[in-house]
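Q: I have a structure open and want to learn to read its features. Can you take me through them one at a time?

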Amino acid sequence: MKQTNMAAITDSNMNISTSVAGLLNEKHCPEHLQVLKTFTTALRDKEYRDAVDEEVFSSLLKVLSRLCDELQAASCDNQDLQSVALQLQLTAECFRTQRNACVQSTRNQSLLRDLGFIDISIKLLSVLQIANLESRDISIFEPLRCGIQFLGNLSVGNQLCKDDIWRLSFPNLLLQLLSVDDEKAVNYTSMVLHTCLDEAKVEELSDPQNIQVALRVMELCRTQPDLDWTVLIATQHFLKSSALVESMYSGMSHQERLTLLELLIAQLQEEHSKDCGIPPSVARFLASSFQTGCGAVLTLATGSASSDEVLQEALTVISLLDVLCEMTSDHRQFMFLQDHPDLLETTVALLNQVHAIGKASKNVFSAAQNFSSLSDDGDPSLHSPVISFKAHLIRLIGNLCYGNTNNQNQVRELEGIPLILDNCNIDSNNPFISQWAIFAIRNLLEHNKQNQEQVAALERRGTADYSALRELGFLVEERDGSLLLKTVRKDS
């Protein structure tokens, strides 16, 4: 039976070889398209795929080269539309044939590479980009999609093919293909890019002359979030390079930065993502960016955030704070941020400013009791851009003080303890602010006698209001010269 199979494959090889070779000496006609379709279908069979003669592929390469020359000429001449349409159909079918040949076949991947299919295919994709055929009502998308799919199949598991594709298509062609007006072509290009990327290639992306490719990927993450490949590129490759993150961040609009920060937060929150792959230098860069730009959020209180750009800048600060909160929550690799110069001081100072502004007049930082906005029917983000901002400042302070005596002492010296105690009241603009305040106070009092004494003194002087703590079921209790935050029943 196996002998009969092999004999059939040999006969098929000879027939297809003769048919494909015949395409070289004749004017293109619809019958040629059928010859290529027969070859494409035959390549779906693994046994046939593994036994295709090199001579058949050599003939196919010549057909592809001829089509490339003809389409290049068509972009300059006024060729018959029907003729050009057939050339595009033949090109698409050649690419389909090549695509099928590479499926689970290292042998064919290497053979096509050695014969020169990568060079001519990439040249053809470039020709399709500049052929200006769209203005003549002829779609280039079918051959584009099939050609990109071929590059994808060729590169899977084959480092030499990946390197050649990268060398010949990066950065210009990849950027062009990521920008075509066809979602499938863009998705296939993203797959090729993801497959080719490694640590060295990611570093190349951070060079100023190449950064546009990375920025285009991030733009697609924002505008077409359903394209899974672009999100994978960003999370599995981009976020692991501090050089690239810094280069992208500096070249982005605030709106684009928000997309980058959202992906960072998602990566940090990923289940089982204790080692999220984000390097420490990225955390340092984001902490410094928060410190440099944090004043922008204050414009939201005065209404001076009149332009969308100013609003986006303030929202970027809010998102940076969220990232820092996640990084310092249950991610040991980022706890060095406790010692990041002036980060704690900046956070306490910003909380002080925001709290004072909120008390001085009615504005977005003022405490509110509008709990209808937090119902199932309400979206709090529609009511205020700073929902939870104060709560998250307190959360970050609590994180930075966890088990860190120096930071505990610094908050006391900055008068941060009474400030945090003053935020124990329930506030619909800051859901869970009471819980974060209690969390921060616990971390500030733990094994720190001076902080405990300060809270005790505040209670004796009546300058701290503990009613909110008691309402939440907590009691500040002095015991053996130390102050404890004790859980009690609310009706006791």
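Q: Where is D342 found?
A: This is a predicted model. In it, D342 sits in the loop between α19 and α20.

Q: What is the phi of D342?
A: About 65°, a positive value, although D342 is not a glycine.

Q: Is D342 buried, partly exposed or exposed?
A: Buried means under 20% relative accessible area, and exposed means over 50%. D342 has 48% relative accessibility, so it counts as partly exposed.

Q: Which residue other than glycine has a phi near 50°?
A: Q104 has that positive phi. Q104 is placed in the loop between α5 and α6, the latter being residues 106-115. Its relative accessible area is 66%, so Q104 is exposed.

Q: Which residues does a cis peptide bond join?
A: F170 and P171, with omega about 0°. P171 lies in the loop between α9 (159-169) and α10 (172-177).

Q: Which residues of α20 are buried?
A: Start with the general idea. An α-helix has 3.6 residues a turn, so residues three or four places apart point the same way. In α20 the buried residues are L343, L344, T346, T347, V348, L350, L351, V354, H355 and G358.

Q: What covers the buried residues of α20?
A: The cover includes α17, α19 (308-327), α21 (389-401), α22 (405-413) and α23 (416-421).

Q: H355 is in that helix. Why does H355 count as buried?
A: Its relative accessibility is 9%, and the cut-off for buried is under 20%. Leaving out residues up to four places away in sequence, H355 touches K390, L419, D422 and N423.

Q: How is a pair of packed helices described?
A: By the angle between their axes and the distance between the axes. Take α20 and α22: the angle is about 35°, and the axes are 10 Å apart. Their crossing is right-handed.

Q: Which residues make the contact of α20 with α22?
A: L344, E345 and V348 come from α20, and N407, Q410 and V411 from α22. By class, that contact has three nonpolar, two polar and one charged residues.

Q: At what angle do α15 and α17 pack?
A: About 25°, with the axes 9 Å apart. Helix α15 is residues 242-251, and helix α17 is residues 280-293. Angles under 35 degrees count as roughly parallel. The two helices are therefore roughly parallel to each other. Their crossing is right-handed.

Q: Which residues of α15 and α17 meet?
A: From α15, S242, V245, E246 and Y249; from α17, S281, V282, F285 and S289. The contact divides into four nonpolar, three polar and one charged residues.

Q: How do the axes of α5 and α7 cross?
A: At roughly 145°, coming within 12 Å. Helix α5 is residues 81-101, and helix α7 is residues 117-130. The crossing is left-handed. L88, T91, F95 and Q98 of α5 make the contact with F117, S121, L124, L125 and L128 of α7. These residues divide into six nonpolar, three polar and no charged.

Q: Can we repeat the length check on another helix?
A: Take α13, residues 211-223. Its 13 residues should span 18 Å, and its end C-alpha atoms are 18 Å apart, which agrees.

Q: Which residues of α13 are buried, and what covers them?
A: I211, V213, A214, L215, R216, V217, M218, L220 and C221 are buried. Their cover includes α10, α11 (183-196), α12 (199-205), α14 (228-236), α15 and α16 (254-269).

Q: How many helices and strands does the protein chain have?
A: There are 26 helices and two strands. Of the 492 residues of the chain, 53% count as buried. Among contacts with a separation of 6 or more, residues 24 or more positions apart account for 74%.

Terms used: Residues numbered from 1 in each chain as written. Predicted model: local features only at pLDDT ≥ 70, side-chain atom pairs only at ≥ 80, totals over all residues. Heavy atoms only, no water. Axes fitted to C-alpha atoms, helices over the stretch in contact; angles between N-to-C directions. Helix = DSSP H or I, 4+ residues; strand = E, 2+ residues; numbered from the N terminus. Parallel < 35°, antiparallel > 145°, perpendicular 65-115°, else oblique. Left-handed = near helix turned anticlockwise from the far one by under 90°. Contact = heavy atoms within 4.5 Å. Nonpolar A, V, L, I, M, F, W, Y, C, P; charged D, E, K, R; others polar. Buried < 20%, exposed > 50% of the residue type's maximum accessible area, 1.4 Å probe, protein only. Expected span 1.5 Å × (residues − 1).
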